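Colleague: Please put the model on screen, and then I will ask about it piece by piece.

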Amino acid sequence: MAALFWLIGGIALIAAEMLSGDFFLLMVGVGALAGAGTEVIFGNTLVSCAVFALVSIGLVTFARPWLKRRMHGELVHTNADALIGRKAVAVSMVDASGGQVRLDGDVWSARAFDDKQAIEPGAKVTIVEIAGATAVVLADLD
């Protein structure tokens with residue numbers, strides 16, 4: 001009888017995964033199915049609970065991150081986030097109050113990340129932040 005509860009619970013959790021898409025309920029549902037199998041084989045609820053816990057924790061810890069990467073892919077930065085870390089060249093003097101840089105052929109308004117820094121035209125810079133339509137830059141040391 002307890003195996004039937006484990007089985008129904010496992011199927012319900014796996015079915016509920018269709019709504020969430022986070023793979024957590026799937027892992028716990030598989031753990032419940034493992035608990036159902038253990039209950040059928042051993043007939044001991046304590047052993048079934050232990051198997052459920054071990055399988056669920058193991059799947060959530062190890063299989064879920066791999067499955068999420070595999071199904072959803074790596075995080076790809078887009079828009080302004082994709083510009084952070086990119087290299088640019090100062091077109092005009094860039095300081096805390098403003099200036100301009102050329103990034104991939106486009107001229108952006110910019111300001112220096114360090115308030116005390118003044119970046120000369122032609123200097124290479126790295127984009128550290130995008131604040132609105134302004135690139136916040138830091139002069140390269142090389």
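Predicted model: local features only at pLDDT ≥ 70, side-chain atom pairs only at ≥ 80, totals over all residues.

Colleague: Which residue caps the N-terminal end of H3?

Modeller: The cap is a side-chain oxygen that lies 3.0 Å from the backbone nitrogen of Leu46. That oxygen belongs to Asn44.

Colleague: Where in H3 does the kink lie?

Modeller: The helix bends by about 40° shortly before the proline Pro65. Further on, H3 is followed by Gly73, with a positive phi near 75°. The kink itself lies at Ala63.

Colleague: Against which helices do the buried residues of H2 pack?

Modeller: H2 covers residues 24-42. Its buried residues are Met27, Val28, Gly29, Gly31, Ala32, Gly35, Ala36, Thr38 and Glu39. They pack against H1 and H3.

Colleague: What length does H2 reach from its first C-alpha to its last?

Modeller: H2 has 19 residues, and at 1.5 Å a residue the expected span is 27 Å. The model is close to that expectation. Just after the helix, Gly43 takes a positive phi of about 70°. The reach of H2 is 27 Å.

Colleague: How far apart in space are Val40 and Val89, C-alpha to C-alpha?

Modeller: In sequence, 49 residues separate Val40 and Val89. In space, their C-alpha atoms are apart by 69 Å.

Colleague: Why does Trp6 count as buried, and how is Phe52 classed?

Modeller: The cut-off for buried is under 20%. Trp6 has 16% relative accessibility, so Trp6 counts as buried. Phe52 has 23%, so Phe52 is partly exposed.

Colleague: Which element gives the largest share of the largest nonpolar core?

Modeller: This core has 14 residues, and those with the most contacts inside it are Val94, Val101, Ile119, Ile127 and Val137. Two or more residues each come from strands E1 (87-90), E2 (100-103), E3 (106-112), E4 (124-131) and E5. The largest share is three residues, from E4.

Colleague: Which residues does Ile119 touch?

Modeller: Ile119 is among the core residues with the most contacts inside the core. Leaving out residues up to four places away in sequence, Ile119 touches Ala90, Ser92, Met93, Val94, Ala112, Val125, Val137, Leu138 and Ala139.

Colleague: Which residue makes a side-chain polar contact of 2.5 Å with Asp140?

Modeller: Asp140 is found in the segment after strand E5 (134-139). Not counting residues up to four places away in sequence, Asp140 touches Lys87, Lys124, Val125 and Thr126. The partner in the polar contact of 2.5 Å is Thr126.

Technical notes:
Residues numbered from 1 in each chain as written. Heavy atoms only, no water. Helix = DSSP H or I, 4+ residues; strand = E, 2+ residues; numbered from the N terminus. Polar contact = N/O pair within 3.5 Å; in protein donor to acceptor, adjacent residues only side chain to side chain. Contact = heavy atoms within 4.5 Å. Buried < 20%, exposed > 50% of the residue type's maximum accessible area, 1.4 Å probe, protein only. Bend = angle between axes of the 7 residues up to and from the residue. Core = buried A, V, L, I, M, F, W, Y, C linked by side-chain atoms within 4.5 Å. Expected span 1.5 Å × (residues − 1).
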